[in-house]
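Q: I have a model open and want to read it feature by feature. Can you take me through it?

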Amino acid sequence: MLEMKNLSRAYYIKDKGQKVKFQALEKFTLSVSDGEFVVIVGPSGCGKSTLLDILSGLYKSDTGSFNIDGAAVTGPALDRGFVMQNYALFPWRTIKKNIEFGLELKKIPKDERSQISKNFINLVGLSGFENRYPYELSGGMKQRVAIARALAYNPSVLLMDEPFAAVDAQTREHMQDELTRIWQSTQKTIIFITHSIEEAVLLADRVVVMTEHPGTIKEIINIDLPRPRNSALVRNSAEYAGAVSEIWNLLHSADASLDSSAL
Ligand SMILES: Nc1ncnc2c1ncn2[C@@H]1O[C@H](COP(=O)(O)OP(=O)(O)OP(=O)(O)O)[C@@H](O)[C@H]1O
Ligand SMILES: [Mg+2]
C-alpha cells in the first residue's frame, strides 16, 4: 500500500536577480492499493515528474509524507523501479550491463543475471544490441532499455514517467500489452504518467487528473473496463469512449481556467 499525504514541493527560481518561489506540487494526497495500476495525467509542467521524483526517493518533499506499507520512504531502494522521463541510463555501461544493474545490487549470480537480461532485451526488441552503449542508440531504443532495466529486477512498485513517449506507435502498443501482462502476472503496483488519454484509459484501474499550477489532484476517474483488456475490443466500447471524453473535458477545463487567468 502506497500512502501519499499532503506532498508539496516548491522550486526557487531566479527572476531579475530575485529569488522567487514556484510551487510545483501542492498537497498531493493519494492512497494506492497493492497491485493497483494508477495513471496520472495533467498539463505539461503541472508537477507530475516532481511527484515521481519524490516517490522514487531521489528528491524530498517540502511537506507531507510518503509511506510504503506503513514505513516512511527516505531514499531510493530496490522495492521501487523507476523509468525517468529522460531515460537516465549509465553511459559507461553497455545495454546488457545497464539492464543487469539492479540484479547486481541484488547479488543475483552471473548466469542468472545473463538469462534475465536476455529475456528483457528480447521483450523490448533489442536483441543484437546487448553490447552497445547508450550513445549508440536512438531515443526510443534508450527508453526501451530504461524500461527493461526497471522491470528486470522485479520491484514490487513501478514508477514510470512517460515511458512510451519516445517509442514508435507499433512498439508502444506492444509495450502496453507486455506491461499489462507483466503487471497481471507479477501483481506489481504501478504509477504511470502519460500525456495520452487513450493510453491512460487502456491501462489504468484509476486515472488521476491533475490541475495546472500548482499541481494537485483535480479528479480521480475509475476505469471499470473488464480485464484482461483486449485493446482492439476496448477501443470500440462505449465505456472507453466515455472515459476518454470525461478526462479530455477535465483537462480541457484546466486549460480554459489557465486561459482566463492569463487575461
Ligand atoms: N529544478 C527545477 N528548478 C526550477 N523549477 C523547476 C525544476 N524542476 C521543475 N520545475 C518547474 O516545476 C514545474 C513542474 O515540473 P515537472 O517537471 O514536475 O512537470 P511535469 O508535469 O512533469 O511536466 P511535463 O508533462 O512537461 O513532463 C514546472 O513548471 C517546472 O518549470
Ligand atoms: Mg514530466
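This is a predicted model: local features need pLDDT of at least 70, side-chain atom pairs count only at pLDDT 80 or more; totals for chains, interfaces and linings use all residues.

Q: Start with the ligand. Which residues come nearest to ligand 1?
A: List the neighbours, then look for polar pairs. Around ligand 1 there are 15 residues, and Ser44, Gly45, Lys48, Thr50 and His195 come nearest.

Q: Which polar side-chain atom lies 2.7 Å from an oxygen atom of ligand 1?
A: That atom belongs to Lys48. The side chain of Gln85 also places an N or O atom 2.8 Å from a ligand 1 oxygen. The backbone takes part as well: a polar backbone atom of Cys46 is 3.1 Å from an oxygen of the ligand.

Q: Lys48 is also in a helix. How many residues of helix 1 are buried?
A: Count residues under the 20% cut-off in relative accessible area. In helix 1, residues 48–56, eight of the nine are buried, so the helix is largely enclosed by the rest of the structure. The buried set is Lys48, Thr50, Leu51, Leu52, Asp53, Ile54, Leu55 and Ser56.

Q: What does the backbone do just after helix 1?
A: Check phi there. Gly57 takes a positive value, about 95°.

Q: Now pockets. What is the volume of the largest pocket?
A: Read volume first, then lining. The volume is about 280 Å³. The lining has 15 residues, with Phe82, Phe90, Phe101, Arg149 and Tyr153 nearest the centre.

Q: Which elements each supply at least two residues of that lining?
A: Strand 6 (80–83), helix 3 (101–105) and helix 5 (139–152) do. By class, the lining of the largest pocket splits into 11 nonpolar, two polar and two charged residues.

Q: How much space lies in the second largest pocket?
A: About 190 Å³. Its lining has 14 residues, and Lys60, Ser61, Phe66, Val73 and Thr74 lie nearest the centre. Strand 4 (residues 63–68) gives the largest share, four residues. The classes here are six nonpolar, seven polar and one charged.

Q: Which backbone atom does the Glu36 side chain reach?
A: The backbone nitrogen of Ser33, at 3.0 Å. Leaving out residues up to four places away, Glu36 touches Ser31, Trp183, Lys188, Thr189, Ile190, Asp205 and Arg206.

Q: Last one. Which residues does Asn222 touch, not counting those up to four places away in sequence?
A: Asn222 touches Asp205 and Arg206. Asp205 and Arg206 are also among the residues that Glu36 touches. Asn222 lies in strand 10 (residues 217–222).

Methods. Residues are numbered from 1 along each chain as its sequence is written. Chains are lettered from A and ligands numbered from 1 in the order in which they are written. Side-chain values use heavy atoms; hydrogens and water are left out. On a 1 Å grid over the protein atoms alone, a cavity is a set of points where a 1.4 Å probe fits but cannot get out, and a pocket is an open set with protein on both sides within 12 Å along at least five of seven lines; lining residues have an atom within 4 Å of a point. Grid points are joined across faces, edges and corners, and a volume is the space filled by probe spheres set on the points. Ala, Val, Leu, Ile, Met, Phe, Trp, Tyr, Cys and Pro count as nonpolar, Asp, Glu, Lys and Arg as charged, and the others, Gly among them, as polar. A residue is near a molecule or strand if one of its heavy atoms lies within 4 Å of it. A polar contact is a pair of N or O atoms within 3.5 Å; within protein, one must be able to donate a hydrogen and the other to accept it, and residues adjacent in sequence count only if both atoms are side-chain atoms. Buried means under 20% relative accessible area, exposed over 50%, partly exposed in between (1.4 Å probe, protein chains only). Contact means heavy atoms within 4.5 Å.
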